[in-house]
Amino acid sequence: MTPLALADVLDLVAYERVRERMRAEVIAHKARRRVALGDRLTLLFEDRRTVLFQVQEMVRTERIVGEDRIQDELDAYNALLPGPGELSATLFIEIPEIVRMTADEMRQAVNRFQGIERALSLHAGGHVLRARFEGGHSKEEKMAAVQFVRFAVPEAARAALAEGAPARLVVDHPDYAADVSVSTELRAEMVSDLADA
């Protein structure tokens, strides 16, 4: 997928003019790309639109105007885009009752998912594609509640997705299990991402 460039980012004034419309469009776009894996995990498959919105919001929030600083944001967020023959997603560990937890309870709730990097896979037309997690977000003493994930999708699995073969996302963890069918909308987004890579 083509990385975002400075020319893709609107300046603060131009972004404010279109922000509400863009926000509504991206929320609808993300809804097609998001899948709940049970009640504690959510995957959001990333693409240029989702990543550009994150960059625009960061530039807006931090009031970034210098091209060098905007480029720094682009460099950081472009890493979320899928490369050739792969899908890229953000995995969120969701703890709804977090507002009533102590720091230690929050850490224990998130750390329950230690080892998730060995437990998540995409099944597409008989192909089992293991998730590859970005390093540095899962340590024994403390795990991040947001993880970045990639699925390498070989040509045969790409063809299966494009032809509409059954696909599902599976979590097979000792403390958590989920098996969710990929919706028609999400499959179309995946196929589009793989064609754009």
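The following questions and answers concern a predicted model of one protein chain.

Q: How many helices and strands does the secondary structure of the protein chain come to?
A: The model is predicted, and its elements are counted from the N terminus. The protein chain comes to six helices and nine strands.

Q: Why is the protein chain described as being as compact as a globular protein of its length?
A: For 197 residues the globule rule gives 16 Å. The protein chain is close to that value, so it is as compact as a globular protein of that length; its radius of gyration is 18 Å.

Q: What share of the 197 residues in the protein chain is buried?
A: A residue is buried when its relative accessible area is under 20%. By that cut-off, the buried share of the protein chain is 45%.

Q: Which residues have the most contacts inside the largest nonpolar core?
A: In soluble globular proteins, nonpolar side chains tend to be buried together. Here the largest nonpolar core has 37 residues. Strand β3 (residues 86-93) gives the largest share of this core, four residues. Those with the most contacts inside the core are L43, F45 and F151.

Q: Which residues is F45 in contact with, leaving aside its neighbours within four places in sequence?
A: Contact requires heavy atoms within 4.5 Å. With those neighbours left aside, the partners of F45 are R33, V35, T50, L87, S88, A89, F151, L169, L186 and M190.

Q: How far apart do the centres of the positive and negative side chains lie?
A: The protein chain has 26 positive and 33 negative side chains. The distance between the centres of the two sets is 3 Å.

Note on methods. Residues are numbered from 1 along each chain as its sequence is written. This is a predicted model: local features need pLDDT of at least 70, side-chain atom pairs count only at pLDDT 80 or more; totals for chains, interfaces and linings use all residues. Side-chain values use heavy atoms; hydrogens and water are left out. A nonpolar core is a set of buried Ala, Val, Leu, Ile, Met, Phe, Trp, Tyr and Cys residues joined through side-chain atoms within 4.5 Å. Buried means under 20% relative accessible area, exposed over 50%, partly exposed in between (1.4 Å probe, protein chains only). Helices (H or I, at least four residues) and strands (E, at least two) are DSSP runs, numbered from the N terminus. The radius of gyration is taken over C-alpha atoms; the globule rule is 2.2 Å times the number of residues to the power 0.38. Lys and Arg count as positive and Asp and Glu as negative; His and the chain ends are not counted. The place of a charge is taken as NZ of Lys, CZ of Arg, CG of Asp or CD of Glu.
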